[in-house]
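Biologist: Could you take me through this structure one feature at a time, giving the general idea before the case at hand?

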Amino acid sequence: MSTYWEDYDGYLHPEMQGTTSAAAEELRPWTGETRVVGKALPRVDAYERVSGAAQYTADVILPDMLYAAILRCPHAHAMVKSVDTSAAEKMPGVMAVLTGKSPGADIPWYGGKPPQSKLFDPHCRYEGEEVAAVAAQTPYQAWDAVRAIKVEYEELPFVLDEESALKAGAPKLHESGNSLGDPRVTRRGDVEKGFAEADVVLEETFYTSVQIHVPMESHVSVVKWDGDRLTVWKSTQGVYDAVLFPLARTLGIPVNKIRVICRYMGGAFGSKLEVGKHTVIAALMARMTGRPVKAMLSREESLLCVGNRPEAKMTLKAGVKKDGTLTALQLTNVSTPGAYSASTSVGFQVLELYRCPNVMVSERAFYTNAGRARAFRAPGHPQCSWALEQMMDMLAEKIGMDPVDFRLKNFTEVSQTRKLPYTSTGLRECLIEGAAKFGWKEARARKKEDGPIRRGVGMAAGMWQGGAGSPPYTAEVRMFVDGGVTVKTGAMDIGTGTKTVACVVAAEELNARLENVRIVNADTAATPYAQNSAGSMTLPGLIPAVRRGAWLVKRQLIAWGAEALGVPAEDLELRENTVSSRSDPAKKRTVEELMRAHGVMDVIGIGNRDPNPAGRAINPFAAHFVEVEVDTRTGEVRVVRMLGANESGRVINRKTFDNQVFGGMGQGVGFALLEKRVLDNQTGKMCNLNLHDYKMITSLDAPADHQVVAIDPNDYECNNVGCKGLGEPATVPTGAAVANAIYDAIGVRPTHGPIEPRTILELLAEKRG
Amino acid sequence: MPEDHESKCCHPHHGISRRGFLSSVGAGTVAAVSMRGAPPAPAQEILAGAGAVTVSLRINGTARKVLVEPRWTLLYVVRDLLGLTGTKVGCERGECGACTVLIDGRPRYACMTLAVEAEGHEITTLEGLMDGEKLGPVQQAFVEEDAFQCGYCTPGQIMAVEGLLRRNPNPTIEEIRKGLSGNLCRCSAYKHIFNAAAKAAELKRRKEGGAQ
């Protein structure tokens, strides 16, 4: 049975545990001027991506390949009584039909003890559960055949919200009931004491809607058997942890019989951390037919079945003294992961972001007949930020403090959940430099217009629970006789620029020209182990291993040079393809001479990720600033400019750094203003099952006036490069900053997201009374 | 909805509507086909699907004869039969723009265009912007401005910019935003895409200036 579920729950946490032990030999971050690190450079794989040469999984088209299509339950809750595939089997081009009764298809799924479901479970708990599948010569024929499968369903009553899920006699999703258990409570200090000490106590309820990942490349696998060996091309966030290991367990075959490849990946945001039923379905049908099978989910399927950011119903109570000192924070959150178990936790920032002695977080969840929650870019954090950062503004207003000053007042250099100092926190600089560059004071002081269009500015701070990276990662760095370098890593580049920063760091360490460094990645038969690209840990996890590998190559060549030239190693430097003496540049050997003298044609350094420093917490931070225009006649909100100040340790490539912040903030705007899953109360089915009705930001919503402030904290402690993760903190505070800007514009607070025009009009009407 | 976006959702101006075509298809016999990169599936099995027809498509300046079912989209034919996978499949319902190609120089959604409708029109895909192994100016601008993250919507974005610049060589930022409004980028790399569109206009002007 696949345990990728457990993998998911684990991915947030290993780096929180603080591994310890001395590194093999200390390798410190560069302190002086760097040659390529930190520059604004185009990506090393840009040519492939713009020319069409890049082969994404969706682009894998093999000779003799069949196309799979999956029949999915159209009901929110139903029991499959019978499946008749006889007509489908006779349809043109159909080569295989698969149901739960097919040999080898009775596979438990979704973890749990006992497992919560099966590959094809007759008990369908949400709209979109897998019922049967077809493989045919064209996708058209496969869909024809899917439509010809006759299924008899017994429709069951369904639950979509907490109230109906927990009612006595409610339809049960699982034997254990609809609750995921007692509330999980985390306490620090005594909140009642904290509220008693406060001059101002406020309480507000906040709500955030279900947000769906919508990667532009839908979930897709191509599976090919050669005897008992299996090759899987898969659009995934991790060829090893997300696919190879769980698939080997699921199919009961050794790891070494499976090869997983994902050279280019069309987006994921957390939704591609699993094998996915479609992959196993493709593997089973490929075995039945002896032909490769491609299973690509339609856009509708991807909206229903492969994950979302769960909703959050948060009540936050906060106490503050007149001087701005926080005395207590108390958060309760109720959420639903949908039909199967998943984390819905949001509380971290309440416990961690600001200095506060008395905190309590209580969270619970219940099952509903809806698609499952998965990790989604900074799981829990944008939701928490929505509540916490709006509350911070509410408190600041009550005590007459500027929102930026109020946050600075409660700044902390110590991780309160771990009782450890951070290796670095640039939150203070994010706030101060961000505010200065944005023109915060001036914008706040600006007189409000009287017309129908109101302008406002807002800001929010945030952090990400992960972003440290930790072992294990292995990177292979290989230098050829002419000084050319190849980096090999199993890590994905999910769009963040992993390949580019890996090459940049190798080039820096080896004094090589960047264009002379090539990277091969994400192929379990060819590249060494890397963890999933998730948790903003690929940069800080992988890149120190790459540097270690490059450093080993350099050390070997310099040792050979010292021996050949009779000069001490400390006097030698490696530059492109030559080792030479600093004091006497005439003393030199080419890399080729050194290698040939030792009977080799290449030198390979295997770099492992060193452990993180003991007794330190490692996290990235951010402060985001937003200006909006609100049309009080229509309720429309336009984001006119934004600024993101992010601190993620050392910047390796300024171009990809900025791009991450732009993108994270863009998604944050969607979270605040547009994105929500709409379920029909009458049928339990999703109403906005397309990209016209499930709204994401477009080029018309993204402000052209968008700036990034990169804060470098000179962190020489977190790892040998000094970098932390960026992908997730880039989206955490944006939504709350938008909400705060709207409040600044119209004087009423939108606590329920997304803030649609209707919401604004209702709030304004309420205000008018 | 902006004009550009709307027009992309529609069928090519001179094409046959889906409904009109389907009603006129007969069960005619089919000539031999030339399919580069196509799966070597027996033609008989494909024919059994529905009355397939031969269409002659002019793609990136080369005429190609293809055996297609009338319901097959240009997107499917270009990618899965001809192996031109620069054009991406994103939603197959005219919403995301990943499949944008130029038809007679204007950006169109290949997922909303039947292959049979595209006959007689000049089709340009991402591959058609290349000059041998050299990138075209819009592609080069996307590289220099880091105008993508995962890169999957990028071919569509590039084709949208190419189409925009062919009718408007000097677009304002608002015209750029409007011209790209039919192409979703979930990574939200819009800021860099705007920069790339402006840079592309400059590179194109420079190229044309140099050629004169």
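**Reading strands, burial and domain contacts**

Modeller: Let us begin with a single facing pair, keeping in mind that the model is predicted: A:Asn646 stands opposite A:Ala710, which belongs to strand E30 of chain A.

Biologist: In which sense, parallel or antiparallel, do E29(A) and strand E30 (residues 705–710) of chain A pair?

Modeller: The sense of a pairing is read from the bridges, and here E29(A) and E30(A) run parallel over six bridges; together with helix H18 (residues 654–673) of chain A, the two strands make a right-handed β-α-β unit.

Biologist: What does E29(A) form with E28(A)?

Modeller: These strands form a hairpin with five residues between them, and A:Gly635 in the turn has a positive phi of about 80°. Strand E28 (residues 621–631) of chain A pairs with E29(A) in the antiparallel sense over 10 bridges, with A:His624 opposite A:Gly644 of E29(A). Strand E29 (residues 637–647) of chain A is mostly covered, since eight of its 11 residues are buried.

Biologist: Why does A:Ala739 count as buried?

Modeller: Burial is judged by counting neighbours, and the cut-off is 20 or more other C-beta atoms within 10 Å; A:Ala739 has 30 such neighbours and therefore counts as buried. A:Ala739 lies in helix H19 (residues 734–746) of chain A, and its contacts beyond four places in sequence include A:Trp386, A:Gly458 and A:Ile755.

Biologist: How many residues of domain 1 of chain B are in contact with domain 2 of chain B?

Modeller: There, 19 residues of domain 1 are in contact with 18 residues of domain 2 of chain B; by class, the touching side of domain 1 of chain B has eight nonpolar, seven polar and four charged residues.

Terms used: Residues numbered from 1 in each chain as written. Chains lettered and ligands numbered in written order. Predicted model: local features only at pLDDT ≥ 70, side-chain atom pairs only at ≥ 80, totals over all residues. Helix = DSSP H or I, 4+ residues; strand = E, 2+ residues; numbered from the N terminus. Buried ≥ 20, exposed ≤ 12 C-beta atoms within 10 Å, placed from the backbone. Contact = placed C-beta atoms within 7 Å. Nonpolar A, V, L, I, M, F, W, Y, C, P; charged D, E, K, R; others polar. Pairing = 2+ DSSP bridges. Right-handed = clockwise from strand over helix to strand, strands pointing away.
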